Amino acid sequence: MRLPSSDNLESLSGEMVHTLQLSNEDNLRLNVLLAQPLQAIRINESTMTVHALTEKGEAKVRLNPTTRDEQYLRWVRELLSMKITGSPGGYPMFLQRWTRMGHTRNNLEQMLLLGEPEAVVAVVHAPSLSHEIGRRAWWASPSAHNARRLLEKPDVVAGALGKELAAYLLEFLPFEEVQLDVVDSVRLCLQGELIPPEEREKLWNRAKRKNPFYVGFLYADPAYIPLPAKPNRHHAEISQQLAALDASSNPYARAFCELLDSHGQNWLKALQLALEKPVDQDVVISLFIAIGAHFALPFPEYRGVREISTALQRAEEYCSNDAPPDLKAVVDNLNAATLPLFKAMLILAQVGEDSLIPFFGGNDSVGSVMRKRLAPITDPLLALAKLLLQ
């Protein structure tokens, strides 16, 4: 007869085994702690301390290991899991990638009581997250990654936690090594009134030395770009020509008028700066996503055209032949001097993430080599921005 292994014995004997493995003092203090209504638990592995967040404040239990720390912490987490979920299995680490994509269906409050950092990561990736759960998750595992994911949730941005997270990300920015994380941090900090105007200006000034900062500004409200406000010289004329269409929420008329006002012109200047010297492919992809998101016009391609020639051809056809009703209404109200500007906007608005497939497919170039490969698409975009800025 085959005897069960020690691992099998652990799984079969449940809470009794966990209790016997822990020191008497730790077993007693942890059970007293878990008898209270807790909001979150975190474990400081360097000091071997279990911290708990309660309605009255923080509580902690200093552990007294009876074996090596790694093994002892596993027993502690098994006890937590048994008390919280009724199973010693803890958080299923093999689901790490899945839960980071926001597909978890677990009880978020329970997951914050497991003392497992990866469970907290799963919580901050949950698509529907309240400010209160976000506050607890931030206490349980304060990191730049978690701060960024939390700032993607509207309830968190609108609450008191939003400004705290933005301040943390601003302080951590000089230490970010991944350029896409820099883009995301800047993008998320520029939401609403999370940071004051003087901090926005500091971020803009830092962009002169670090290109990804410009990409972050492309996602923000163009009014937050701290440049002198000056509308396009045709703005007044076009606004008058399209006043009725803009008032009736024509998406093309509104996008065109906004692009030519002072804030839209500053967005185009930021686009020029971002296109001049991107550092790697992830940043470029984010840049092109930002272009598509800025216009968000109802073109057939959700992620942008794959070939810039398609955008050029479609813009030409729309401005000279049949076009969707809303678009045709704009064309019919423009004159020979302003129609080329509208055509330029139509081309620019069709660009998106998929426009990079012909350039990035099958290669991982960065720096000057990457910028040289991108010239067939970045040069036309820079020319369009220059035309719209005249």
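## Helix packing and aromatic pairs

Phenylalanine 256 is buried, with a relative accessible area of 0% (buried means under 20%, exposed over 50%, partly exposed in between, using a 1.4 Å probe and protein chains only). This is a predicted model, where local features need pLDDT of at least 70 and side-chain atom pairs count only at pLDDT 80 or more, while totals for chains, interfaces and linings use all residues. Residues are numbered from 1 along each chain as its sequence is written, and side-chain values use heavy atoms, leaving out hydrogens and water.

Let us stay with the rings. Rings of Phe, Tyr and Trp (its six-membered ring) pair if their centres lie within 6.5 Å; planes under 30 degrees apart count as stacked, over 60 as edge-to-face and the rest as tilted. By this rule the count comes to 9 aromatic pairs. Here are two of them:

| Pair | Centre to centre | Angle between planes | Type |
|---|---|---|---|
| Tryptophan 204 and phenylalanine 217 | 5.1 Å | 90° | edge-to-face |
| Phenylalanine 256 and phenylalanine 342 | 5.2 Å | 65° | edge-to-face |

Tryptophan 204 sits in helix H13 (residues 197-207) and phenylalanine 217 in helix H14 (residues 212-219), 13 residues apart. Helices here are DSSP runs (H or I, at least four residues), numbered from the N terminus. Tryptophan 204 is buried at 5% relative accessible area, and phenylalanine 217 is buried at 0%.

How do helices meet? Two packed helices are described by the angle between their axes and the distance between the axes. Axes are lines fitted to C-alpha atoms, for helices over the stretch in contact, and angles run from 0 to 180 degrees between N-to-C directions.

Helix H7 (residues 117-125) and H8 pack at an angle of about 150°, with axes 10 Å apart. That makes H7 roughly antiparallel to H8 (the term covers angles over 145 degrees). Val120, Val123 and Val124 of H7 meet Ile133, Ala137 and Ala140 of H8, where contact means heavy atoms within 4.5 Å.

H8 (residues 131-140) also approaches helix H11 (residues 160-172): their axes come within 10 Å and cross at roughly 35°. Residues making this contact include Trp138 of H8 and Tyr168 of H11. Ring pairs also link Trp138 and Tyr168 with Phe172 and Phe175 into a cluster.

Definitions and conventions: Helices (H or I, at least four residues) and strands (E, at least two) are DSSP runs, numbered from the N terminus. Angles under 35 degrees count as roughly parallel, over 145 as roughly antiparallel, 65 to 115 as roughly perpendicular and the rest as oblique.
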